[in-house]
Amino acid sequence: MKEMNKKEKNRRFSQYNFSSKNRKGVSPVIATVLLIGLVITLGAVVFVWFQNFTHEAVTKFEGENIELVCADVQFTANINNGNLAISNTGNVPVYSFNVKIDKGAGSYTTKEITEAVSNWPKIGLRSSGVFSGDISSYISGATKVTLIPILRGTVSNGDERSFTCAEQYGKTISI
Amino acid sequence: MNFIKNKKGVSEIIGYILLIAIVVAISVFVYQFLKSYVPKESLTCPDGVTLLIPDYKYNCLENLLNFTVQNEGTFSIGGYFIHASNSTQEIATIDLTHYYTGTNQLSAGAISLGFANALDPGKIVPSVSNGFNLSIDPAVEGTLNKLEIIPMRYVVYQGKNRTASCGNAKISLPIDCN
C-alpha cells in the first residue's frame with residue numbers, strides 16, 4: 001500500500017512535469033533586456049504625460065523662476081485727477097501691468113495697461129523708471145484700482161514669455 | 001520540492017541595477033523641474049546709502065536747473081536717478097536725465113559718476129556738473145515743484161557688474177524758483 005502510494009505520487013509528479021529539462025520559457029538574458037527596455041519605455045511615457053500637467057518654467061536673471069522674482073518687484077503708483085503715475089523703485093524691470101478695476105459689489109474688469117493708456121513704453125518700466133499717463137476713461141465709476149505687475153522672462157528654448165505675478169504682489173489704489 | 005529548486009527569475013544584481021537606474025532617472029527629472037525654484041540672491045543696495053541735495057538753483061524763466069549732490073551715507077555711490085514733478089502728482093514722473101547738460105555719462109537711465117562707485121562718503125558733486133535744461137522740450141509745461149533723487153551703486157551680481165537702484169534711499173525735495 002505504501003509502495004502504491006509512492007508510485008502514485010511519482011506518477012502524478014511527473015505528470016505535472018516540474019522538471020527543468022522540459023520547462024520552456026524566455027532565457028534570463030532576454031528577460032533582462034526586455035525588462036530594461038520596458039522600464040525605459042514606461043519612464044519616457046510617464047515623463048511626457050507628466051509634462052502635459054506642468055507648465056514650462058519661465059525664468060529670469062540667470063535661471064531663477066520668475067514666480068520668485070515677483071517678490072522682488074517694488075513700485076509706487078498713484079492716480080491723481082485721472083492721471084496714473086508709476087515709479088519702479090526696485091531692481092526688477094516691469095514689462096507691463098494688469099489693471100484691475102473694482103466697481104464695487106463684486107464687479108470688476110481687468111485689462112492690460114497697454115489697453116488702458118496710450119503711451120505705455122514698449123519695453124516696459126526699467127529699474128527706477130517712471131511713467132505718467134491718462135487713465136480717466138478707463139476708471140470711471142471705479143472705487144479701487146489694482147496694478148498687478150507682468151514680468152518678461154525666458155523659457156528653456158530661449159523664447160521670451162510674459163508672466164503675470166500673483167495679485168498679492170500688486171498695489172491697490174483707492175479712488 | 002523540485003519546483004522550488006528549479007524556479008527561474010531575474011538575478012538580484014540585475015534587480016539592483018534596475019532599481020538604482022530608475023531612482024537616478026527620477027531624481028534627475030525632479031532636479032531639472034525644481035532647480036529654478038531655488039531662490040537666488042537679489043540685486044539690492046546696502047542700508048546706509050544716502051544722498052543729499054544741500055543746495056540748488058532753479059531759473060524758472062529759462063527753465064534751467066542746477067543742484068549740488070552730497071554723499072551723506074556710509075557707502076560710495078556710482079550715480080543717481082533724478083526725477084521731477086511739475087504738478088500736484090505725488091510721484092515725480094519727469095525724467096531729468098533727458099535734459100542733462102552736465103559732464104558725466106548716462107548709464108541705464110542714471111547719471112553715472114564713472115565706471116565704479118566714485119562718490120565716496122562725504123564727497124560732493126558740484127552744481128556746475130549737474131545742469132539740466134528743460135527749455136529744450138516744450139512738452140514740459142509749468143514750473144518744477146519737486147525733485148526726487150535715488151542713489152545708484154555698481155554691484156557685482158551673478159558675476160557681472162550691474163547698476164543697483166537704491167529705491168529705499170529715495171529723497172524728495174520741494175523746489176521753487178530762485
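In chain B, the centres of domain 1 and domain 2, taken over C-alpha atoms, are separated by 58 Å. Domain 1 of chain B covers residues 8–37 and domain 2 covers residues 51–174, with bounds that come from an automatic or database domain assignment. The model is predicted, and local features need pLDDT of at least 70, side-chain atom pairs count only at pLDDT 80 or more, and totals for chains, interfaces and linings use all residues. Residues are numbered from 1 along each chain as its sequence is written, while chains are lettered from A and ligands numbered from 1 in the order in which they are written.

Turning to the interface, 38 residues of chain A are in contact with 34 residues of chain B (contact: C-beta atoms, placed from the backbone, lie within 7 Å). On the chain B side, two or more residues come from each of helix H1 (2–5), helix H2 (12–34), strand E5 (79–85) and strand E12 (160–165); helices (H or I, at least four residues) and strands (E, at least two) are DSSP runs, numbered from the N terminus. H2(B) gives the most, with five residues.

In chain A, three strands in the order E3-E4-E7 form an open sheet with antiparallel pairing (strands pair if DSSP finds at least two bridges between them). Strand E3 (75–80) and strand E7 (130–134) of chain A are the edge strands, each pairing on one side only. Five bridges join strand E4 (residues 83–88) of chain A to E7(A) in the antiparallel sense, and Ser87(A) stands opposite Val130(A) in E7(A).

Notes. Two residues are in contact if their C-beta atoms, placed from the backbone, lie within 7 Å.
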